[in-house]
Each structure stands twice: as structure tokens, then as C-alpha cells.
Amino acid sequence: MKILPNYHFLQTGSSSFFYCASEKEGAQREGSSAPGGEAAYTLVQNNAEHKSLELLILPLRNTVLYPDITIPITVAREKSIQVVKQAYSTPDKIIGVIAQKNPEIEDPHGSDLYTIGTQAVILRMIRMPDGSITVVIQGQSRFQVQEFLQEEPYFKAKVLPLEEIYPGEAETKAMIISLKKEATRIIELAPNIPSEAAITLQSINNLSFLVHFIASNLNIELKQKQEILEATELMSRCNIVLELLAKELQLLELSEEIQNKVKSDLDKQQRDFILRQQMKTIQDELGEQSIEHEIEEFRKRAEAKKWPEAAQEAFEKEIKKLYRINPSSPEYGVSLNYIDWLLDLPWQEYTQDRFNLKLARKILDKEHYGLEKVKERIIEHLAVLKLKGNMKAPILCFYGPPGVGKTSLGRSIAKSLNRKFARISLGGVRDEAEIRGHRRTYIGSMPGRILQGLKKCKSGNPVFILDEIDKVGNDWRGDPSSALLEVLDPEQNNTFNDHYLEIDYDLSPIMFIATANSLETIHPALLDRMEVIEINGYTLEEKMQIAIQHLVPKQKQEHGIKKGQLNIPSDIIQKIIEGYTRESGVRKLTQQIAAICRGAAKDIVEHEAKIINLDEELLIKYLGFHKFEKETYEKQERPGVAVGLAWTAVGGEILFIETALMPGSGKLTLTGQLGEVMKESANLAYIYFKANARKYNVETEIFNQWDLHIHIPAGATPKDGPSAGTAILTAIASIFTERLVKPQLAMTGEITLRGKVLPVGGIKEKVLAAARAGIQQVLIPVLNKKDIEEIKTEQLKDLEIIFVETMDQVLELSLTQEIVPSYISLAKQKKEVPAPTLTSVNG
């Protein structure tokens, strides 16, 4: 669109308008020099006295023409071009301008036009190269269409000029001031209105021209502009325009307020940006990394993560927070540490499982001698995992004495499954936060040991050893056992929530294996969630094989001793086991072999010994004299002594039960640091024998004349349990019947008042201890027959196992027919022989 000369151009929003250069110029057009443009209104009033006029009509699509306002119009429709040419060819160049109700209609009819329009004069007509015409028209007065005389080839209508109704002088001045004030404020606030418009506005003193000028420049809908034109009174038009100005001003003020706020924020951001850039430059000069560099590194690491949506959201939130924190603030380090933990954890990063049972069995056999039952259970679990096809693993608990290889078994399982291995020690842990982590509000807070272990092994499905779970404590800081309930529950641990991370983490793919030396101190609910696999102590034979195949070669390698430089015969290894260790496992044995290797290394280096053959003399040199004496059977020449079998944390042992009688009232004395259960067994054996004394040819009166003392040697060692019941009863029967106990005989079993023999535990360890001690016969409860079947045949080759069901069988098999005079017989003999009389000699 061209801007024609001698006319000013004003734009608000998307509308463009031409207006007359000055009010004076408009007044002269109307042919009057009267102030305020009164002649113009007089003309309209005079026209109102005449009859209706016939005018050529030009439909306008997107705007409304007001009186006194000049606008350019591009005419492109054929009908409009014809009517413009026709009007322009007349001497006065008068034409009627009416707005269309719907701008979309290309070929409107009379019903599509408003009835109120503006009479205008065509000031100039310009033909455009594309065939269209641009005309500059100036509004003169308003009219109302009475009827359309024709629609073809252009519109022609019969119109009635409308009379203007003016306000009083005071109202006119007041309205001019109000309109100028509001319009000037809008010009100041609106960024797209040129400042020259305010100067032009202040020069207008004609109310009609002022209101029409403002209305033309308002960015309002066509319908609203038509309503202003149709208002009968000038003051009504002013009020409508004033109301629209107030709304526009309110919007502009709100917009300015928002812009000022945004500008303030932007200024602060720009200031921060400049400071950060300066800081970055300083850091670059000092060789330090900037915040942006760190965040960029974090984002690169995050791109490779396959974490859940919650973790991604937490990461983005923390990154945004990092931008706002001053690097010198303590909170900056906390946020940085949290992001590091998010990125370091192995979210959904799993190793591929290898369910090769043959290979698993081969690895277990190679790294662990014996433990056949335990290995079989582990192979069964691996088979189940393979059939299930998912990554959820059972929760196992290896229970047994120290040093039997519980932790190393977990390593072997991880190796056979091709999984990473993680281990945490729970011994002495008393704080729940050790498991669940500390909240980030605390200084130095960090995740719990579970997530720390996962970060360390960099895998989401490792074999995870929870070592010494039976030694977890609790105090005012919380109960770690209760926190472990969620960790070791397959139904809950897929949404484990660490207090530090505050995001659910899936622990279900992890194969947890707990280890314990005792089940009694484990939380009952925690024990219920685990499948317990008992690992018993090693036998002497197993220890010797472990030493020969594993311990000796490993210690030689660790101490730099080459093959052939140190030879340790099997009989020496047996002496080391029996004389220098007392344990179920092989931990102390490992230490003793290490001590021998250190001594041998010293001789090799200091005395340049080429080959060292370890014998008893060198053994004493390296380890000193025996620390323990082997418990062997000793033949008894007097009644009242029986041999029992006991289970200890370091394996099985034989146990001597000793009894003695003394004149008294039937009192029973027990010594040897016995526990409550063992004391009850002794009382039970004594009561049972008293009740059945006549069956064994013992007079009942004797029990009221003699006190019985039962002692079990090694008084400093606590003893408890019911398994010595048969041995105690045999010793009691032997002392009262004065019949010797059969030599090379040991026994174990719990007794009842009915004379039944009940099964006991630790049969394997007890039987092997009997074999080592030189025992030839062992009496075992018949219900323990299944335990004997688990012992290898070669370990029982010199031992006869006799199964018993009642105490009568025990006494029949254990007591000889040979009577050896003892306390009771000797006392009777003393009564029959008169006692010598002591006489005093006076000197």
C-alpha cells in the first residue's frame, strides 16, 4: 500500500489509517471559518431539511469510515471499481460508503450491508498495475439507507442524512480533555504507535473530529466500530470510545507491568550471565572447571542412562537447581553429590546370566572341597532360576560356624552365574540409616550400604552378600533388622526407597545371600524371609584335603615360595590341625600354614636353604609346642565313667561323664559349668534310674544313704543340651551297679522318663570325633539313622554304629557283667570289720 503525500499515516495493532493534516483544513473543506467546525454540522442540519438523496454505494470489507476522517482504500472487486469510476466522474465526486456485515462475502447484496453509512468525497484515484484502483476518500456526514435502488452493475441507494446532536460547551470541553488524556496515555504505552501521534492529537480541538479520529485508530472489531457510527448522539459516541479507551489502557498498563517485571528478571539474569561469564574466564585462567562444563558433563553421562522416568525428572530438577545455586554455597556441594549418585548407580544395567549347571558344579568343586549337600542345594536354586526365566532370585542364608567358607561360596556362585559380586558386613551395625541411607538435610549424608554396594560393583543384578546378619544390633537410632525386611522381601524390594535418593530402586534382580553363625539372634520376621542352608564344620579328613589342595599352594604363592622349596607331608598337616587349631572351619589352619611359610621363607633367604622338608622338629620351631591336646579315649578301671559325644562350634568332641558317691542323704550335685538343659537331663537320668532301680538289682534304700556327684571335665567350658542324657544315665547306672562301662564305647541321645531315646543334632561331627578319638562303637538314636547315611562310608570303616531306641537297650549294650567293688561295696566291708581302737600313751 502506498502512503499518499499531504496525509499522515497512523497505525495501531493491525489497522492503518490516513487522517487530515489539521483540523483547520477540515473546517475549510466544509466552507466555513467558524470555530469548532460548526459550519460542517450546519451543513448536515441543512441537508436534513431536504428530502432524501440518491447515492452511489461502495461496500467496505474490513473498516468503517467516520465523518472528517480520510482513509485510502484499495478497490479490487469489479462492481466496486465501476461505482468508484462513476462517482469520480461526477463534478462533486460524492459517494456513499457502507461496511459489510460479513467481510468474507465476495459479492454482497443489499441485505449484507449495514444501514448506517458515511457520505464521502473521493479526493484522489490511482490506477494500480494489477488492474485494481486505490482511492483516497474523506468522510463528510452520516446517513441511513432507506432502500437500495439497484445492485447491478453497482449499488445505488436512497439515503436519508442524519442530524447530529451536540452536547453543551462545558460537556464538550470536559469530554475533549478526557479523550485526549486517555488517548495520550495509550500512545505512551503502546510501542507500535509513533510519538508524533500525540502531537497531532493535542492539536485537535473539535470533539466530533477527535472522537472519530480516535475511533478510527482503535484496534477493535468491525462490529464495535459500526456501533460507534450508529450512535445517534455525539456524546454517546464519545462515551463508547471512552469506555473502549479505558479497556485498552487497562490492558496496556497490565502488559507494561508484566514487561517491567520480565525486564527486571531479564536484567538480573543478564547480570548473572555476565558475572558467570567473568567467573568462567577466571576459572579458565586458573585451570578450574566451570559450572557449565560440569553440567555439560552430567548431561552427556545422563544420555547413556536407561533410568526410569522418576530418576530422569529428579535429574532435570537438580540440574535446574544447580544453575541457581552459588558455587560457594554449601548447598551446591550437596546438589552436586546427589547428581553424581544418580549417575553412578547402575539403573537397569544387568549382566547376562549364565545358567550352565555343569560349569557351576565344576567351579564349586574346584574352589570348595566337601560341602556336597550345600553344593547340591545351590545347584538346585540355579536350576530353578534358569527355568523361571526372570531375574528375581531367592533370598538365601548360609548358616554355620566361622571359617567354613560361607562368603567364598557366594563368590563362587557369582562366578558361576557370570554376575558381579558385592559384599557388606552387618556386624555391629546399629543405625537404620546404614541400610536406608541418610536424608539429604544432614551434613555429609549419603545412601545406605545397599546402594553403595551397587555403585561399587556397577551392576544392577549382582550376587550380594550380607555378611554377619546375626550380629546386627539396635538402639535409639533405629533397628537395621526392620529396615532389612524390605530389602529381603521379594514382594517389596522392587520399590526399595532409600532416604537419600528418595526414588524407588528395583532390588529384585539382586541375588541376596546372608551369612550367619547363629540363627537365634536373627529377627524372626527376617529369618522367615530367607531360606536357610546349614553349612556344618569340616571333618579332619576334609580339612586335610582342603589344606593340601588349596591352602598350602595359596600360601606358598603369597609368600613367594617356589614349587619344591617347601614340602609339608600329610601327617604333619594332621598334627597342625589337631595340635594347633580347634575350629570347625579352616581360618586358623590358614594362619598356621602362613606362619610356617613365613618361617620357611626366612630360612630360604637367611640360610640359603634350597629344600625344606617339614618335620616335627621344624614344626615346633615355626609354630611352637602344641596348643591343644588331642582328646583320646582312655580305658577306665572303675565304674561310674561313661563317654558321651558333644557338638561344639569347632566340631565334635568326646565327653567324659564322671560320677562319685559319698555317704549322705541322697543329694545330687552337678559340676562342670552345665547349662539348664544339661542339668535337667542329669536330674532326669537320676530320677529314671531311681524309679527303675529294682530292675537292675539295686536296693532303693541306697539312694537315701548316698549323695551323688556328677562332673563333666573341662570345667571352664560351658556345656548345654540334652544329647548327653544316655551317657549320664549309663554313668549313674554304672556307679550304683558297680559294673564297668564297655571299653571303646561312646554314645549320644536324649532320654525321657519313659525310657525312650530321642534324636539329637550334630551327628556327623560327633561320629567323626568318636572315630578320631579311637572309639570303636557308638550308640546312636534310631531316629538319627538318616544322618548316618549322609556320612561317607570310608569315614566309618573302623567304627561300628549301633542304633538304640530305649534306655534298656543302652544299658544292656554299654555295661559289662564284671563287677568292680566301689563305694557301696567297700563301705559295707568296712562296717563288717571292727574299726581299730586308738589308745593314748601317757609319757
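This is a short walk through a few local features of the structure above.

Okay, some ground rules. We're looking at a predicted model, where local features need pLDDT of at least 70, side-chain atom pairs count only at pLDDT 80 or more, and totals for chains, interfaces and linings use all residues. Residues are numbered from 1 along each chain as its sequence is written, and side-chain values use heavy atoms, with hydrogens and water left out.

Let's begin with the sheet. Five strands line up as S10-S11-S14-S9-S15, in an open sheet with parallel pairing. Two strands pair if DSSP finds at least two bridges between them. S10 and S15 (531-534) sit at the edges with a single partner strand each, so one side of each has no neighbour in the sheet. From one strand to the next, the twist averages 20°.

Phe398, for instance, has Ile533 in S15 as its bridge partner. Then there's helix H13, residues 372-388, which lies across S9 and S15 and runs at about 150° to S15. Contact here is heavy atoms within 4.5 Å; axes are lines fitted to C-alpha atoms, for helices over the stretch in contact, with angles from 0 to 180 degrees between N-to-C directions.

Most residues other than glycine have a negative phi, and most peptide bonds are trans. So what kind of peptide bond joins Glu152 and Pro153? That one is cis, with omega about 0°. Pro153 belongs to the loop between strands S7 (133-150) and S8 (155-161).

Asn418 isn't a glycine, yet its phi is positive, about 65°. You'll find Asn418 in the loop between helix H14 (406-417) and strand S10 (421-425). Asn697 also isn't a glycine, and its phi is positive, near 60°. Its loop runs between helix H23 (676-691) and strand S21 (706-711).

Are these two buried or exposed? Buried means under 20% relative accessible area, exposed over 50%, and partly exposed in between, using a 1.4 Å probe and protein chains only. Asn418 is partly exposed at 39%, whereas Asn697, at 75%, counts as exposed.

One last stop: helix H8, residues 234-286, is where Leu254 lies. Leu254 is partly exposed too, with a relative accessible area of 46%.

Key:
Helices (H or I, at least four residues) and strands (E, at least two) are DSSP runs, numbered from the N terminus.
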